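Thanks for taking a look at this one with me.

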Amino acid sequence: MTSTDLVISGMTCPMCTARVTQALRAVAGVQTVDVDWKTGIAHVKGDATMEPLSDDLLVLALEEAGYPARILHPGAPQPPTAAVKSGCCCKR
């Protein structure tokens, strides 16, 4: 199984988690998605029988859903925990 971690901007509530999860699950080869809107981190695992997950496709899927993202490379420092923002993203 392949895995990728992403740092995602713009998540402000649990509804964002649902939107990000849906966008990532739509990418070919994605098997599981775990998103934490408070930290802005998503863990994505791919099916080992398929080609490795495409980092570019994962980032593109999130950007198309309205969430800028970047790959969190192994060994790179974790970003600071995002402050919980007031307001809601429901108007996206």
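1. Helix α1 (residues 14-25) lies across β1, β2 and β3, and its direction is at about 160° to β2. Helices (H or I, at least four residues) and strands (E, at least two) are DSSP runs, numbered from the N terminus. Angles run from 0 to 180 degrees between N-to-C directions, with axes fitted to C-alpha atoms, for helices over the stretch in contact. Contact means heavy atoms within 4.5 Å.

2. Please keep in mind that this is a predicted model, where local features need pLDDT of at least 70, side-chain atom pairs count only at pLDDT 80 or more, and totals for chains, interfaces and linings use all residues. Residues are numbered from 1 along each chain as its sequence is written, and side-chain values use heavy atoms, leaving out hydrogens and water.

3. Now for the sheet. Four strands form an open sheet in the order β2-β3-β1-β4, with antiparallel pairing (two strands pair if DSSP finds at least two bridges between them). At its edges are β2 (30-36) and β4 (69-71), each pairing on one side only. Neighbouring strands of the sheet are turned by 25° against each other on average, direction ignored.

4. Strands β1 (residues 2-8) and β3 (residues 41-46) run antiparallel and are joined by six bridges. Threonine 4 belongs to β1 and stands opposite valine 44 in β3.

5. Is threonine 4 buried or exposed? Threonine 4 is buried, with a relative accessible area of 8% (buried means under 20%, exposed over 50%, partly exposed in between, with a 1.4 Å probe and protein chains only). Not counting residues up to four places away in sequence, threonine 4 touches residues including Leu53, Leu58 and Ile71.
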